[in-house]
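Please open the structure in your viewer and keep the selection panel at hand.

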Amino acid sequence: MSTKSHSMVMLRRNFKHIARNPTTVFNAVLMPVVVMLMFVYMLGDAFDVGVDYVDYATPGLMLLAVCYGLGATATSVNSDMTKGIINRFKVMDVSRGAVLTGHVVASLLTNLVAIGAIIGVAFLLGFSPSASFLDWLGVVGIVVLLGFAAGWLTVALGLAAKSPETAGLAAVPLVMLPFFSSAIVPAEKMGPGVRQFAEYQPFTPIIETMRGLLNGAPSSSDAIAAIAWCVGIALVGYLWARSTFKKRA
Amino acid sequence: MKSSAIAVSGLRKAYGDKIVLDGIDLDVRAGTVFSLLGPNGAGKTTTVNVLTTLVKADGGTVRVAGHDVATSAKAVRAAIGVTGQFAAVDELLTGQENLQLMVDLNRASSGNGRRIVTELLERFDLVESARKPASTYSGGMRRKLDLAMTLVGNPRIIFLDEPTTGLDPRSRRTMWSIIRDLVADGVTVFLTTQYLEEADQLADRIAVLDQGHLVAQGTADDLKRQIPGTHVRLRFTTVSQLDAAARLFPDSTRDDEALTLRVPSDGGTKSLRALLDRLDEYSLSAEEFSVHTPDLDDVFLALTGHTTEMAAK
């Protein structure tokens, strides 16, 4: 049996997990929406960013939506590992990466649902992007790439953690990172230190790329940096996950 | 049925400085139950992990179902089933879904997959709980589901790593009868256990593992025969009687507190009659009389120089 169909079986398993334990999706989908309502609806008028705040914040909140889903992925990867089911798969004639691929794809699909919800709420709050169809395709491309990269990194974190609880904690920095980027306010408005950090951390070019695309004015230098970061993170995550998976028995 | 299902020679494994397996040689004939017996930390699980391709050996050769575990791990995995020390079931899925997952991973044809699932649920008496999540199962049920999942691919060689550790006596007996049924179907079973009784009950051959070395190998009777431990125990009512009896049997050992005397004997009727006649001759009568044959605990003590409890520390 091929790797692909084994991965499909594993993905079906992940879907069943989500169906049995819907709070994880609730967190992944509902939390970003709550954050969006708080920042845009409650505080939005207080931010002066030069454009309608909802137009400014939506790309950043889309990224936040990706990050909020990761804790659940890390936890579920780790409980597979610590509860021994991964060893069962490993001693079967099953392609090695299938269970991990299942987790990454499930995580990515959860991200897409969360982002769909964010965009929906954004429109209700007056979001008016000037993106063309091609720009939207670009946004989808970046989101998928980001979800894929973050997914592999999270799977690696989940595999490396000692227990499901620490695995959940290991994903917390990924949830915090968007706040120290240009997601909520422009980096140049932040204090020294934080500003430099925000300017150079990976999420800023990713957000700026999405922001550019949604404004119909994408910047190619941001896009190149964003894609390079995503590919880099995906590669590190994938290799780390693979070696940890091999080592831990 | 003379072919080897598992052949191990010179197996070595160390984690850092700690040598876990120090040159293990094993040969398991197809269709038999082989038990690896040893206290916690003896290296049983490491042996199973190497034999089932989970861990790479540092030295030696291991062939399972005719395939080298180092070079044809895939072929080995296709031939074996493994039930580890902790039930590896998916707790969020129901029993039925767990089995279906194994079916899906084992073969593409789902036509008879449903039948396989139903048969296993019936065989392991899990029909009533089939639609409940495995997280609600008791320890014994979880073990049964775990073993059922292992059987989905119809493996000819099954590894059971301490399959009854932590089970209550009744679930343990159920597990034993399931294992006996498997062997009746011609499956080879490699069983690790720290319970001497379990090895005695199930295994055709037993190997005793202690601190990475095999200290003995053979049938349960072979092992028991290795130590001349059969003796007769006599209990008297007074010290003077014990004194008199102790003089009669010079190679006996006495316990003054319990007023007992251990007299070495082969356990045969002739020597027993001789012993009783001897007591009669001197008008001695024992309050209690019993013949003791050594159990595997005694064997373990004799072979390793320490008891199982001591080694477990």
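Begin with chain B and select Arg115(B) and Glu122(B): both are exposed, on the other side of helix 4 from the residues visited next. The model shown here is a predicted one.

**The buried side of helix 4**

Next, select residues 113-123 of chain B, which form helix 4, and highlight Ile116(B), Val117(B), Leu120(B) and Leu121(B), which are buried. Why do they lie on the same side of helix 4 of chain B? They do so because they cover an arc of only 130° around the axis.

Then step just past the end of helix 4 to Asp125(B), where phi is positive, at about 60°.

**Helix 1 of chain B**

Move to residues 44-51 of chain B. How many of the 8 residues of this helix 1 are buried? The count is 8 of 8, and the helix is mostly covered. To display them, select Lys44(B), Thr45(B), Thr46(B), Thr47(B), Val48(B), Asn49(B), Val50(B) and Leu51(B), the buried residues of helix 1. After this helix comes Thr53(B), which has a positive phi near 70°.

**Chain B as a whole**

The C-alpha trace of chain B spans about 80 × 45 × 40 Å along its principal axes. Of the 313 residues in chain B, 42% are buried. As for contacts within chain B between residues at least 6 apart in sequence, 67% join residues at least 24 apart.

**Where chain A touches chain B**

Finally, show both chains together. Here 19 residues of chain A are in contact with 23 residues of chain B. On the chain A side, select helix 1 (3-20) and helix 5 (85-90), the elements that give two or more residues to the side touching chain B. Which of the elements of chain A gives the most to this side? Helix 1 of chain A does, with 6 residues.

Note on methods
Residues are numbered from 1 along each chain as its sequence is written. Chains are lettered from A and ligands numbered from 1 in the order in which they are written. This is a predicted model: local features need pLDDT of at least 70, side-chain atom pairs count only at pLDDT 80 or more; totals for chains, interfaces and linings use all residues. A residue is buried if 20 or more other C-beta atoms lie within 10 Å of its own, exposed if 12 or fewer, and partly exposed in between; C-beta atoms are placed from the backbone. Two residues are in contact if their C-beta atoms, placed from the backbone, lie within 7 Å. Helices (H or I, at least four residues) and strands (E, at least two) are DSSP runs, numbered from the N terminus. The arc is that of the directions from the helix axis to the C-beta atoms.
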